[in-house]
Amino acid sequence: MALPPPDPQFVLRGTSAAVHTLYFSCGGSEPDIPLLYSGSESGFIHVWNLRTHRVDTALDGHGRKSVYCVETMGGKDRLLSQGRDQRICLWDLAEGRTSVTDSVFTEHVGFCRCSLLKVAQGRWLMAMAARSLEEIQILELPSKTSVCTLKPEVGAKLGMPMCLKLWQLSCGSQPVLLAGYEDGSVVLWNVSMGKALSQLVCHQEPVMSLDFDSEKAKGISGSSEKVLSIWSLNEQQNLQVYKTHELVNAGISDITIRPDKKILATAGWDHRIRIFGWKKLKPLAVLDYHTATVHCVSFSDHSNPRERLLAAGSKDQRISVWSIYAQT
């Protein structure tokens, strides 16, 4: 018999708004305090201290418009956030500061999270949905230099980009972008050439979230349907459907593969978090705690596997934090 799913290790309350994005920063050595950043519908970014389970800092830089992406850039003190005010903000949090040092006006009206890739010491590429509905813009940060604009072929009818994932096989190799679109397609782009390498229809509905395992050259995506789509990338850089997995209930807001590539988590419109084995997509657990849509899931970056955590943010204004399959 399967064990009953656990309760959350702890629950973070106090955002007073739906939670749309989560990002851990726990990889530092002592005396570094493990942190969790959350972005909420009210426009605030909360920096949670995972020892006290309280908010250390609340950041207000998006004009009270929903924040749907938060990520650190090479350390706890440099933060990037994206909001429905059509701005991406770069923050300096060193020595107790809470200031926006720079920002990018995206002119993008949707809620497609930008994607960051570190390409050299102090240099990042950032992919973001652009002003023109179907386009994706690639910028270099912190210089904000435009690298290229990725435009679908005329008549492609992909619709808006919904989710983005920049990656590279190894340091110094060509950066590549996976983009999920409104028509259900996933497209692989060569960033330096600015051209599409492969396109695959994975869903009948808009792709809500995707993640990719560059070691296994295998990815997974979810939409508003009852299907998870698993796809692979062959040597010729062609995307192929690997298999599909039928879900109990429709609607996936977010998908994330744990950094060790052993398990993955999905955030469901049915209020549940589901855990799967990544190798064969075996269902492992259903975490039933939230009382409304789960918007986001994130795994921690603890260097010690036993300390690893999973966090989920929900429309019910709570963040649940779980210790699950930490021994594997």
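Q: How many cavities of 30 Å³ or more does the structure hold?
A: This is a predicted model, and the structure holds 1 cavity of 30 Å³ or more.

Q: How much space lies in the largest cavity, and which residues line it?
A: The largest cavity has about 40 Å³ of space, and its lining is made up of L247, N249, G251, I252, T266, G268, D270, R272 and R274. At least two residues of that lining come from each of strand 23 (263–268) and strand 24 (272–277).

Q: What classes are in that lining?
A: The lining of the largest cavity has 4 polar, 3 charged and 2 nonpolar residues.

Q: And the second largest pocket, how much space lies there?
A: About 350 Å³ lies in the second largest pocket, and of the 21 residues lining this pocket, C26, P34, R51, H302 and E307 are the closest to its centre. The lining of this pocket divides into 7 charged, 8 polar and 6 nonpolar residues.

Q: Switching topic, which residues have the most contacts inside the largest nonpolar core?
A: Those are I136, I138, L166, L177 and W189, in a core of 18 residues. Several strands each supply at least two residues of this core, including strand 12 (136–141) and strand 16 (185–190).

Q: What is I136 in contact with, leaving aside its neighbours within four places in sequence?
A: Its contacts include A127, C148, L164, L177 and W189.

Q: Which residues does the "repeat: WD" annotation cover?
A: In the unreviewed UniProt entry, this annotation covers residues 200–241 and 287–328. In the model, residues 200–241 are 60% strand and 0% helix, with the end C-alpha atoms 8 Å apart.

Definitions and conventions:
Residues numbered from 1 in each chain as written. Predicted model: local features only at pLDDT ≥ 70, side-chain atom pairs only at ≥ 80, totals over all residues. Heavy atoms only, no water. 1 Å grid on protein atoms, 1.4 Å probe; cavity = no way out; pocket = protein on both sides within 12 Å on 5 of 7 lines; lining within 4 Å. Points joined across faces, edges and corners; volume = space filled by probe spheres on them. Nonpolar A, V, L, I, M, F, W, Y, C, P; charged D, E, K, R; others polar. UniProt positions renumbered as here; feature names shortened; annotations may be inferred. Helix = DSSP H or I, 4+ residues; strand = E, 2+ residues; numbered from the N terminus. Core = buried A, V, L, I, M, F, W, Y, C linked by side-chain atoms within 4.5 Å. Buried < 20%, exposed > 50% of the residue type's maximum accessible area, 1.4 Å probe, protein only. Contact = heavy atoms within 4.5 Å.
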